Amino acid sequence: MGAQVVTITSGKGGVGKTTAVANLAVALAAEGARVACIDGDIGLRNLDVVMGLENRIVYDVVDVIEGRCRLRQAMIRDKRLPELYLIPAAQTRDKSAVSPSDMIRLCKELRNEVDWVLIDSPAGIERGFKNSIAAADRVLVITNPEVSAVRDADRVVGILEAEEKGAPALIINRLNPAMVRQRDMLSADDVLDLLAIQLIGIVPEDDGVVVGTNRGSPVAMEPKSRAGQAFRNIARRLRGEDVPFMNLDSGGNLWDRLSKLGRK
Amino acid sequence: MNDSNSLIQIKGLRDGLLVALGDAAWDDLRAALMEQIESRGSFFQGARVALDVGGRVFRVNELSELRDTLSERGVNLWAVVSESPTTEKTAQLLGLATRVSKPRPQETALPPAEEAYPNASMWVTRTLRSGTRVEFPGHITVLGDVNPGAEVVAEGSVLVWGRARGLVHAGAGGDEAAVVCGLDLSAAQIRIGSASALPSEGRGEARPAKYFLEDGIIKSEAWQSN
């Protein structure tokens with residue numbers, strides 16, 4: 001059976017596409033699946049840093065497409081998980097070095113090598129985005145609970161519908177339950193009300209994510225991390241398991257809990 | 001060159017070029033169009049092109065592929081004119097215009113819009129997301145939401161059976177009797193003719209209402225069930 005190709009995209013930059021790809025890849029690979037990630041952000045590569053594989057890059061995705069190396073040579077094996085691979089983006093080229101049909105060919109070859117292909121899309125809705133979704137079987141749209149990010153997500157969902165890519169699923173990233181309670185942040189319901197697509201996960205705001213990103217060690221590896229747990233749940237839902245959504249309200253500090261009691 | 005000249009016809013319009021396709025297989029026509037663009041590079045560079053495809057049926061991926069190919073050559077496809085309702089719908093899905101300002105010769109015989117549109121209406125059965133524009137020379141009914149960043153532009157009236165948070169423009173051809181009604185227009189930008197209003201700057205209540213033009217100003221009335 002061939003691999004599933006999943007693209008993670010958002011429209012807006014900085015909402016957590018790369019973080020989500022790294023964490024979902026780690027979570028899937030930790031359960032024994034063979035996973036390959038492709039960094040689609042040619043010219044602005046990041047995924048290698050977030051996965052802690054920066055200094056191992058020899059060949060990149062453009063080398064594979066232009067035939068300078070074999071696919072296997074560009075697949076960097078993760079240090080911790082034996083069946084997790086990264087195909088990095090080229091840093092000295094730009095989006096026009098790759099076409100949608102190149103991506104389809106590349107993924108076709110990868111389908112025989114692994115169980116999951118995760119593609120990290122660049123921000124925007126231009127060439128790089130079109131390349132990233134060309135080969136996708138499923139698309140995950142990630143957004144933050146912010147009006148501007150949700151607006152861009154809506155635009156991306158509209159394009160995906162127009163391109164007949166099927167309905168994408170939604171990840172809401174960096175939700176802060178305390179701010180939602182104070183009505184200072186959009187709630188998951190507010191976001192879903194506008195986007196009206198299937199929700200596949202809510203990732204709470206977690207300082208550990210920044211630490212993990214800087215250390216090249218995704219939080220999905222930390223058993224105690226809340227954000228890591230949320231990404232592990234999304235990975236299980238991708239595999240078709242029915243996982244209940246986390247109760248985000250159970251966290252919070254003492255004051256939050258007291259003030260919540262007081263309001264009841 | 002001679003061959004490709006007979007397959008496609010290029011005319012100047014007020015706001016761009018109109019490329020009319022002749023009677024041949026799409027692959028040949030496409031090749032002819034590309035050849036014209038390659039050989040007359042400076043003429044086409046940066047041009048806005050409207051494509052008259054006649055009765056041909058296009059699917060979304062074909063049109064979007066064409067648009068991408070053209071844009072890579074510096075040509076901006078802004079409209080697709082067609083007699084096929086399927087193709088028109090496809091073009092609208094991609095946010096392309098389906099009418100050009102200067103009517104085609106055979107269309108000048110049609111009655112003026114005011115007489116044509118009481119019977120013409122467009123039925124949209126999906127939510128319009130940011131970046132989508134639906135335009136029609138008659139009435140438009142949307143069975144779904146109009147999200148922020150989406151635009152509905154009708155020469156007649158507009159009914160939104162859902163929540164409208166984008167731009168809703170009725171009477172775009174100047175008809176002052178056009179109205180906008182909807183279940184929740186409180187966050188929309190409403191235009192009728194050349195007047196515009198922002199309901200959200202008023203009370204912004206979420207209840208069914210009708211907006212209409214009176215003495216050049218947009219007024220509203222809530223819908224009462226009794």
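Predicted model: local features only at pLDDT ≥ 70, side-chain atom pairs only at ≥ 80, totals over all residues.
## The nonpolar core

The largest nonpolar core has 42 residues. Leu24(A), Val35(A), Leu84(A) and Leu140(A) have the most contacts inside it. Helix α1 of chain A, residues 17-30, gives the most to this core, with nine residues. In soluble globular proteins, nonpolar side chains tend to be buried together.

Take Leu140(A). Leaving aside residues up to four places away in sequence, Leu140(A) touches residues including Val6(A), Ile8(A), Leu24(A), Ile171(A) and Leu238(A). Thr7(A) and Thr9(A) are also among its contacts.

## A β-α-β unit in chain B

Strand β3 (residues 48-54), helix α4 (residues 60-72) and strand β4 of chain B form a right-handed β-α-β unit. β3(B) and β4(B) pair in the parallel sense, over six bridges. Arg48(B) has Asn76(B) in β4(B) as its bridge partner.

How many residues of β4(B) are buried? Six of its seven are, so β4(B), residues 76-82, is largely enclosed by the rest of the structure.

## The open sheet of chain B

Six strands make an open sheet with mixed pairing. Their order is β5-β7-β9-β11-β14-β15. β5 (121-124) and β15 (217-222) stand at the edges. Each has a single partner strand, so one side of each lacks a neighbour in the sheet. From one strand to the next, the twist averages 20°.

β5(B) runs parallel to β7(B), residues 139-142, and four bridges join them. Trp123(B) has Thr141(B) as its bridge partner in β7(B).

## The ends of helix α10 in chain A

Helix α10(A) spans residues 207-215. At its start, a side-chain oxygen of Asp206(A) reaches to within 2.7 Å of the backbone nitrogen of Gly208(A). Gly216(A) follows the helix, with a positive phi near 70°.

Notes. Residues numbered from 1 in each chain as written. Chains lettered and ligands numbered in written order. Heavy atoms only, no water. Core = buried A, V, L, I, M, F, W, Y, C linked by side-chain atoms within 4.5 Å. Buried < 20%, exposed > 50% of the residue type's maximum accessible area, 1.4 Å probe, protein only. Helix = DSSP H or I, 4+ residues; strand = E, 2+ residues; numbered from the N terminus. Contact = heavy atoms within 4.5 Å. Pairing = 2+ DSSP bridges. Right-handed = clockwise from strand over helix to strand, strands pointing away. Polar contact = N/O pair within 3.5 Å; in protein donor to acceptor, adjacent residues only side chain to side chain. Axes fitted to C-alpha atoms, helices over the stretch in contact; angles between N-to-C directions.
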